[in-house]
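Here is a short briefing on helix packing and model confidence. Look at the structure first, then read on.

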Amino acid sequence: VLAELIEKFVSHLSESRTDCYFSTGNYKAMDADVKKENLSSMQQLGVEMTVRYGKYLNLLKEDAENGLCFVLMNCEEFLKQQQRTVVSSLCCLQERYVGYDWFASSIFLILSGDREKTLTFLQQFSRLLVSAFLWLPRLHLSMHLPVTAVEYGIHPVYFCSAHHVEMLLKAELPLVCSAFHMSGFTPSQICLQWITQCFWNYMDWSEICHYIAICIFLGPDYQIYMCISVFRHLQQDILKHTEA
């Protein structure tokens, strides 16, 4: 039900000019016979983990690995059309996105491993503003960002979402904020980790689905509220660890 709901919602918004924040060109999917070897070692490891998790949740069939490779390779090619060329020695500014695409993998699981549906959804979703915050590879070297932002290699999730989490944390949870200050860590580091991984390894699958759905339906600012609510939930544990 959730899969059908987000599909229809995103399809409807992507057809409305007022809701389309990003313009995207036409892209035709590559040959379906995409080999796992075409992916980076990081992506290959991510594919194995995603397929293992998907089978554990009874969402994927045996041939799911090829389908996920197909989605990831096509996403990479599709997003490449909207990238700048940047000459830099920074690892994060090389042609390929350095990490693994956890968001695309999450959508692949939500849509039960249907690669055509997943790719169509991601192409439509990429037109919406919320894609900039939920789908981190979406703005990798993107022409939609100012040149200075691209050259520094800092993602908008860090200087927008994570920054606002820190501002809200001071007001909403001052004790948690102080605990972080004393530890030498910043809440934004933790939030960036959560958001990059779509909360994989932190939340149960149903909660991950709710996180994605809430941000799509209600807007990217709910990403910030979600992080604050997790910190509120963990407040007693955080304070106990600080004392110890």
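At what angle do helix α8 (residues 156–172) and helix α12 (residues 221–233) pack, and how far apart are their axes? The angle is about 45 degrees, and the axes are 9 Å apart. This is a predicted model, in which local features need pLDDT of at least 70, side-chain atom pairs count only at pLDDT 80 or more, and totals for chains, interfaces and linings use all residues. Residues are numbered from 1 along each chain as its sequence is written, and side-chain values use heavy atoms, with hydrogens and water left out.

**Confidence**
- Mean pLDDT (the predictor's confidence in each residue, from 0 to 100) is 87 for the protein, and 88% of its residues reach 70 or more.
- Helix α4 (residues 102–110) has the highest confidence, at a mean of 97. Helix α7 (residues 147–152) has the lowest, at 71.

**Conventions**
- Helices are DSSP runs of H or I with at least four residues, numbered from the N terminus.
- Axes are lines fitted to C-alpha atoms, for helices over the stretch in contact, and angles run from 0 to 180 degrees between N-to-C directions.
- Angles under 35 degrees count as roughly parallel, over 145 as roughly antiparallel, 65 to 115 as roughly perpendicular and the rest as oblique.
- Contact means heavy atoms within 4.5 Å.

**α8 with α12**
- The angle of about 45 degrees makes α8 oblique to α12.
- From α8, the contact takes in Val157, Ser161, His164, Val165, Leu168, Leu169 and Glu172. From α12 come Gln223, Ile224, Tyr225, Cys227, Ile228, Phe231 and Arg232.
- These residues divide into nine nonpolar, three polar and two charged. Ala, Val, Leu, Ile, Met, Phe, Trp, Tyr, Cys and Pro count as nonpolar, Asp, Glu, Lys and Arg as charged, and the others, Gly among them, as polar.

**α3 with its partners**
- Helix α2 (residues 41–56) and helix α3 (residues 64–80) have axes that come within 10 Å and cross at roughly 135 degrees. The two are therefore oblique.
- Gln43, Val47, Thr50 and Val51 of α2 meet α3 residues including Leu68 and Leu72. The contact has six nonpolar, two polar and two charged residues.
- The axes of α3 and α4 also come within 10 Å, crossing at roughly 135 degrees. That makes α3 oblique to α4.
- Ala64, Gly67, Leu68, Val71 and Leu72 of α3 touch Ala104, Ser105 and Phe108 of α4. Here six residues are nonpolar, two are polar and none is charged.

**Salt bridges**
- The count is five, with a side-chain nitrogen of Lys or Arg within 4 Å of a carboxyl oxygen of Asp or Glu.
- One joins Lys8 and Glu4, at 3.2 Å from N to O. Lys8 and Glu4 are four residues apart in helix α1 (residues 2–14), so about one helical turn separates them.
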